[in-house]
Amino acid sequence: MEALLAAGFVETLFHCPACGTAGTSFSRPASLLDRRCLDCGEPVVTTVLDRFARPEAG
Ligand SMILES: [Zn+2]
């Protein structure tokens, strides 16, 4: 897992509004814009999990 993160991957939570499939996966940030549901092929909503987000300054 750490190797994936070091390679630039982030853990994401995805949810498909069309069929309700949800889960987590590792993705490159650049590929998040074109994620599609494995079940129905519709675009999915992805969220980068907070534990990998940078803490806000201040
Ligand atoms: Zn779907």
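Here is a short chat about the predicted model shown above.

Visitor: How many residues sit between β1 and β2?
Guide: There are six, and β1 and β2 form a hairpin. In the turn, Gly20 has a positive phi of about 90°.

Visitor: What about β1 and β3, how many bridges there?
Guide: Four, again in the antiparallel sense, with β3 spanning residues 45-48. Here Thr12 has Val48 in β3 as its bridge partner.

Visitor: So in which order do the three strands form the sheet?
Guide: The order is β2-β1-β3, in an open sheet with antiparallel pairing. Because β2 and β3 stand at the edges with a single partner strand each, one side of each has no neighbour in the sheet. On average, neighbouring strands of this sheet are turned by 30° against each other, ignoring direction.

Visitor: What holds paired strands together in general?
Guide: Strands of a sheet pair through backbone hydrogen bonds.

Visitor: New topic: how much of the chain is buried?
Guide: Buried residues make up 5% of the 58 residues.

Visitor: And what share of the contacts with a separation of 6 or more comes from residues 24 or more positions apart?
Guide: Those residues account for 36% of such contacts in the chain.

Note on methods: Residues are numbered from 1 along each chain as its sequence is written. This is a predicted model: local features need pLDDT of at least 70, side-chain atom pairs count only at pLDDT 80 or more; totals for chains, interfaces and linings use all residues. A residue is buried if 20 or more other C-beta atoms lie within 10 Å of its own, exposed if 12 or fewer, and partly exposed in between; C-beta atoms are placed from the backbone. Two residues are in contact if their C-beta atoms, placed from the backbone, lie within 7 Å. Two strands pair if DSSP finds at least two bridges between them. Helices (H or I, at least four residues) and strands (E, at least two) are DSSP runs, numbered from the N terminus. Axes are lines fitted to C-alpha atoms, for helices over the stretch in contact, and angles run from 0 to 180 degrees between N-to-C directions.
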